[in-house]
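Here are a few notes to read alongside the model. Take them in any order you like.

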Amino acid sequence: MVIRFGRLKKNNMHKSTFFLMKPDGNSIGKAKELNLDSVFASHKNLDEIVIKTLRENLKSGIEINAEVGVFAGKDLWDKFPDVIPVEAGGKEPARGWYYGVCPSHEGVRNECLQNVKALLERDLNGIWLDFIRYPTKWEEPEPYILDVCYCDRCLKKFSEYLGEPIEGNTLEDKVLLIDGSYYIEWIEFKTEMITSMVREVRKLIDDHNRNVQNDKKVKLGFFAIPWQDKEHSAGIKRIVAQDFGALSTLVDIYSPMLYHKMCGKEVSWIKEMVNYFWEVGKPQLPLIQTEPRESEIKVDEFKQALDFAGASPSTGVCVFFLEDLMKQPEKFDTVKEYFK
Ligand SMILES: [Zn+2]
């Protein structure tokens, strides 16, 4: 008997997709065809009725994971006007659909914790933090990089962190002082602003998990920006403040968003990034894109993306996103065949 290695690998692979919209009869029906191990949807779209419908229709033991967006959203801009980030050079902080939010805002941080508490009351398997970072629009070939946040609140908190005043008459003076004299401290302050948010969520999840049976324990994941250390002048820490070393001690699983076309990369970049994230030392479930953004993805290339994202050392692949995949029958059938 010939054992085909590729086949074995695929059987062990975790198969997942993301509902961008609220799951309905149509999308759940299509999801059912894919033999999935897990599904993701925004926590806003996962009420108890939807969760129950997913459990009734998808395969037994399906994992249902809620995505919780933290530091982004037009709704937060409208609700708390002082969340709008202040950029060092006065650059416009919003871009297209993206509205980044200042991570030091107590109202926003509290809202994240309240959302997580409410989700822990529901029949879910995982909570994945999204937009858990400083504002910047990275999903394009030349990222729209923002040097944030220099709002009065952030400057006050940073001054407390340092134990020294941030002197200067203008914002420009203060930015220059920070950049010149407190470069390392500023990066530490920013990364801790993000890491501490994850730590608080971890605590809520640990408290929950201590009191439930094993099959009701909730996993904590997060959506990682696919930047290597060396890129954008150490931008992963300096700009967006995702400290993979610190975060790896707090989360159970990493989900790097390996949207190669959006990032203007070749499909082989997915393989490179899966290997890169292996060094973080945590299980990873990467996402790949279905949409023709920034350019068309041919079916063969899409198949390669599945192969690269789902192969070891990755634990599987999450196809982002289901409703778009449904519009592309050839790609849908590719995933169906691949996930068999
Ligand atoms: Zn701020």
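1. Asp-82 is partly exposed, as its relative accessible area is 44%. Keep in mind that this is a predicted model. Asp-82 pairs with Arg-153 in a salt bridge, with 3.3 Å between the closest N and O atoms. Asp-82 sits in the loop between helix H4 (74-79) and strand E4 (94-95), while Arg-153 belongs to helix H6 (residues 152-162), so the bridge ties together parts 71 residues apart in sequence. Arg-153 itself is buried, at 19% relative accessible area.

2. Next, have a look at Glu-140 and Arg-95, whose salt bridge has its closest N and O atoms 2.7 Å apart. This one also links distant parts of the chain: Glu-140 is in the loop between strand E6 (126-130) and H6, Arg-95 is in strand E4, and 45 residues separate them. Glu-140 counts as buried at 13% relative accessibility, whereas Arg-95, at 32%, counts as partly exposed.

3. Back to helix H6 for a local pair. Glu-160 and Lys-156 form a salt bridge at 3.0 Å between the closest N and O atoms. They are four residues apart in the helix, so about one helical turn separates them. Both residues are exposed. Across the whole structure, the search finds 28 salt bridges.

4. Now the metal. The zinc ion has Cys-102, Cys-149, Cys-151 and Cys-154 as its protein donors, each through SG, at 2.3 Å. The arrangement is tetrahedral because the angles between the four donor atoms run from 95 to 118°. Of these cysteines, Cys-151 is buried at 7% relative accessibility, and Cys-154 is buried at 0%.

How values were computed: Residues numbered from 1 in each chain as written. Predicted model: local features only at pLDDT ≥ 70, side-chain atom pairs only at ≥ 80, totals over all residues. Heavy atoms only, no water. Donors = N, O, S within 2.8 Å, 3.2 Å for Na, K, Ca; no water. Tetrahedral: all angles 85-135°; square planar, octahedral: opposite > 155°, others 65-115°. Buried < 20%, exposed > 50% of the residue type's maximum accessible area, 1.4 Å probe, protein only. Salt bridge = Lys/Arg side-chain N within 4 Å of Asp/Glu carboxyl O. Helix = DSSP H or I, 4+ residues; strand = E, 2+ residues; numbered from the N terminus.
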